[in-house]
Amino acid sequence: MDIVYLLENHRTGKKYIGSKKSWKGHGTYFGSPSCSPSHPKFQDQQDWLKDSQEIPESFSLQILEQFEKISQKELVLLEKQWQIHFNAIKSKDFINAGYAGSSSWYGGYSFKNKSYEEIYGERAEDEKEKRKEKGISER
């Protein structure tokens with residue numbers, strides 16, 4: 001199963017929005033936050049990684065969306081939409097340092113100025129409806 005998720009560290013109150021292809025279940029993945037040591041969220045990310053190893057029971061996971069088959073590009077788009085919805089990059093409550101898909105690891109694929117039809121093809125109307133139900137505004 002492929003997911004977009006929100007993880008929360010209840011010890012610190014910090015949150016992280018990410019996505020995972022081939023997710024194996026609760027308690028198996030705690031995100032992969034990474035930013036340079038000069039970034040303001042660097043220490044929060046280091047604390048997150050340490051806690052995930054030492055006290056994994058302090059984390060809870062909420063699956064925001066799940067799919068049986070979805071492309072990596074589609075999954076990254078959805079992750080980014082949730083990051084925007086929660087203002088995760090600017091918020092001090094989140095340890096996300098940059099938007100999903102902004103690094104070369106994802107191939108730098110840009111969804112900016114793309115319609116739902118260009119991104120989802122035949123599934124465009126279904127995706128619009130899902131976002132409407134979840135309170136995510138259309139672009």
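Student: Asn87 first. Is it buried, exposed or partly exposed?
Tutor: Partly exposed, because its relative accessibility is 38%. Buried means under 20% relative accessible area, exposed over 50%, and partly exposed in between, using a 1.4 Å probe and protein chains only.

Student: What kind of model is it, and how are things counted?
Tutor: This is a predicted model, where local features need pLDDT of at least 70, side-chain atom pairs count only at pLDDT 80 or more, and totals for chains, interfaces and linings use all residues. Residues are numbered from 1 along each chain as its sequence is written, and side-chain values use heavy atoms, leaving out hydrogens and water.

Student: Where does Asn87 sit?
Tutor: In the loop between α2 and α3 (116–120). Helices (H or I, at least four residues) and strands (E, at least two) are DSSP runs, numbered from the N terminus.

Student: What is the phi of Asn87?
Tutor: Near 55°, a positive value in a residue other than glycine. Most residues other than glycine have a negative phi.

Student: What about Ser22, what is its phi?
Tutor: Also positive, near 55°, and Ser22 is not a glycine. Ser22 lies in the loop between β2 and α1. With a relative accessible area of 42%, Ser22 is partly exposed.

Student: Zoom out. How many helices and strands are there?
Tutor: 4 helices and 3 strands. From the N terminus on, the order is β-β-α-β-α-α-α. Of the 139 residues, 40% are buried.

Student: In what order do the strands line up in the sheet?
Tutor: β2-β1-β3, in an open sheet with antiparallel pairing. Two strands pair if DSSP finds at least two bridges between them.

Student: Which strands are at the edges?
Tutor: β2 (15–20) and β3 (59–67). Each has a single partner strand, so one side of each has no neighbour in the sheet. On average, neighbouring strands of this sheet are turned by 20° against each other, direction ignored. Axes are lines fitted to C-alpha atoms, for helices over the stretch in contact, and angles run from 0 to 180 degrees between N-to-C directions.

Student: How many bridges does β1 make with β2?
Tutor: 6, with β1 covering residues 2–9. Val4 has Ser19 as its bridge partner in β2, and Glu8 has Lys15. The two strands form a hairpin with 5 residues between them, and Gly13 in the turn has a positive phi of about 80°.

Student: And how many with β3?
Tutor: 8 bridges, again antiparallel. Tyr5 stands opposite Ile63 there.

Student: Why is β1 largely enclosed?
Tutor: Because 7 of its 8 residues are buried.

Student: Which strands does α1 touch?
Tutor: β1, β2 and β3. Helix α1 (residues 42–54) packs on the sheet, and its direction makes about 95° with that of β1. Contact means heavy atoms within 4.5 Å.

Student: Switching to α2. How many residues does α2 have?
Tutor: 14, reaching 20 Å from first C-alpha to last. That is close to the 20 Å expected at 1.5 Å a residue, where the expected span is 1.5 Å times one less than the number of residues. Its buried residues include Leu75, Leu78, Trp82 and Gln83.

Student: What does its side chain reach?
Tutor: The backbone oxygen of Ile17, at 3.5 Å. Beyond four places in sequence, the contacts of Gln83 include Ala88, Asn96 and Tyr99.

Student: Which residues make up the largest nonpolar core?
Tutor: There are 11, among them Val4, Ile17, Leu78, Trp82 and Phe94. A nonpolar core is a set of buried Ala, Val, Leu, Ile, Met, Phe, Trp, Tyr and Cys residues joined through side-chain atoms within 4.5 Å. The largest share, 3 residues, comes from α2.

Student: What does Phe94 touch?
Tutor: Leaving out residues up to four places away in sequence, its contacts include Leu6, Ile17, Phe86 and Ala88. A second, separate core has 8 residues, including Ile3, Tyr16, Trp23 and Phe59.

How values were computed. A polar contact is a pair of N or O atoms within 3.5 Å; within protein, one must be able to donate a hydrogen and the other to accept it, and residues adjacent in sequence count only if both atoms are side-chain atoms.
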